Amino acid sequence: MAESHAAERAPIYEFDYIADAGLIEDCHARYWQLKEEAPPVFWTSANGGHWVCNTGAAVTQVLRHPETFSSRILSIPPNPDQPKMIPEMLDPPEHRPYRQMLRPFFESKAIAPLEARVVEWTDQLFDGIVDKGECEFVSEIASRLPVAIFMELFGFPMEKFEEFRRLVVDFFNARATVDERSRLGMTILGHLTELIQARMAKPEDDMISKIITSKVDDRAPSFEELLSIGFLMFLAGLDTVTNAMSFGMRHLAHDEKLRQKIIDNPDEIPNLIEELLRRYAFVATPRYIVEDIELEGAQLRAGDSILAPLPLVGWDEKLNADPETVSVNREFYRHAAFGSGIHTCLGLHLARMELAIFYRAWFQKIGHFTQVEQGDETCRGGSVMALEHLHLAWEKPDSQSA
Ligand code: HEM
């Protein structure tokens, strides 16, 4: 593997994308600093040794060329035993039939009927929160809404909500050991197995029943494929929406002008969502290099891994003027928060819908708010970065009318 050649890799800049102290303190500030001071593409010895893209152009190049930058090993350090997640860990030509099979379930028109339920879930969640005047946003709101919506969409019985929420929180907990995470992974697979078997026996009006009866290359998907797809949805659709909400709300807590703008004109919410995703994208996706290639002056070798931090695309001055500033007045919001190329997020319409309904409800029911720092607002590093806690406070409805 790459380690044996480490001495030949250049330029070198040491950066641990999982445990770097600056990243834990504030992942976006650290990646921004990296962008300013590290080479355009560099090698680090951390996590077994790998390359890191450090410009938006390098990230785009990696994502758009799956023939050179493969998704077949989607972890750094490489773990060849990682269970295959379909379609994210497939390269062309295998990737396409699965993507074609799944796409119809995620198109705007397929997602639209879910909207009324998302509004209901959101309202229910806010009912218990608004009068309190404060909350720990990540655990009380951001990590709850996507779980409820995923369960509803996919077909899980809602009685299992609390059990599922716990499972998701524990699974994504940065402090979970490898053993704990693999035990939780097995529990998740157990729930998926139960659901798939039940729907194979008796289909209902939910996404998993529809996936079971659809075709990949003119044949029915196998049980293992269904399990793999379900597991990916679980990983891809829960934690990500939570993180988008948390990073977005942390910004808004410190930007009174922007909050006022949204309160005065909620029609700006779609722009707000794109701009917050652009400024605070939080995925850094790995790729496995299958042929020697030069990238921004660095000589990459077949068998090496490379990390593509997606925030860099939205921070590229050539794509967005004054990228550090958060503004809903941009003509275009160019970013790769949802990826780019063949693996671009399938759930992006659903994610945008969840975020839009959430922001609308927040600004209608709560309005202005502030962050109350308690010293535990650290980030989780890795491939999908997260904000661990976010304490927010606002005027209680009574005190507003008094
Ligand atoms: C704000 C929320 C979300 C963000 C930022 C996000 C981001 C991403 C990114 C960056 C990728 C590409 C990864 C790569 O190239 O290696 C991806 C892929 C994917 N996402 Fe999302 N995602 C979000 C929500 C969702 C939701 C709600 C679902 C569905 C329930 C979902 C399902 C998927 C799937 C199935 C893929 C794999 C697509 C493929 O390989 O063709 N995502 N997502």
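The structure is a predicted model, in which local features require pLDDT of at least 70 and side-chain atom pairs count only at pLDDT 80 or more, whereas totals for chains, interfaces and linings use all residues. Residues are numbered from 1 along each chain as its sequence is written.

Helices (H or I, at least four residues) and strands (E, at least two) are DSSP runs, numbered from the N terminus. A residue is termed buried if 20 or more other C-beta atoms lie within 10 Å of its own, exposed if 12 or fewer, and partly exposed in between, with C-beta atoms placed from the backbone. Strand β5 spans residues 284-289, and because six of its six residues are buried, the strand is largely enclosed by the rest of the structure. Burial extends to both faces: A284, P286 and Y288 lie on one side, and T285, R287 and I289 on the other.

Two strands are taken to pair if DSSP finds at least two bridges between them. Strand β3 (residues 69-70) pairs with β5 in the antiparallel sense through two bridges, and F69 is placed opposite I289. Strand β8 (residues 305-309) also runs antiparallel to β5, to which five bridges join it; here T285 has A308 as its bridge partner.
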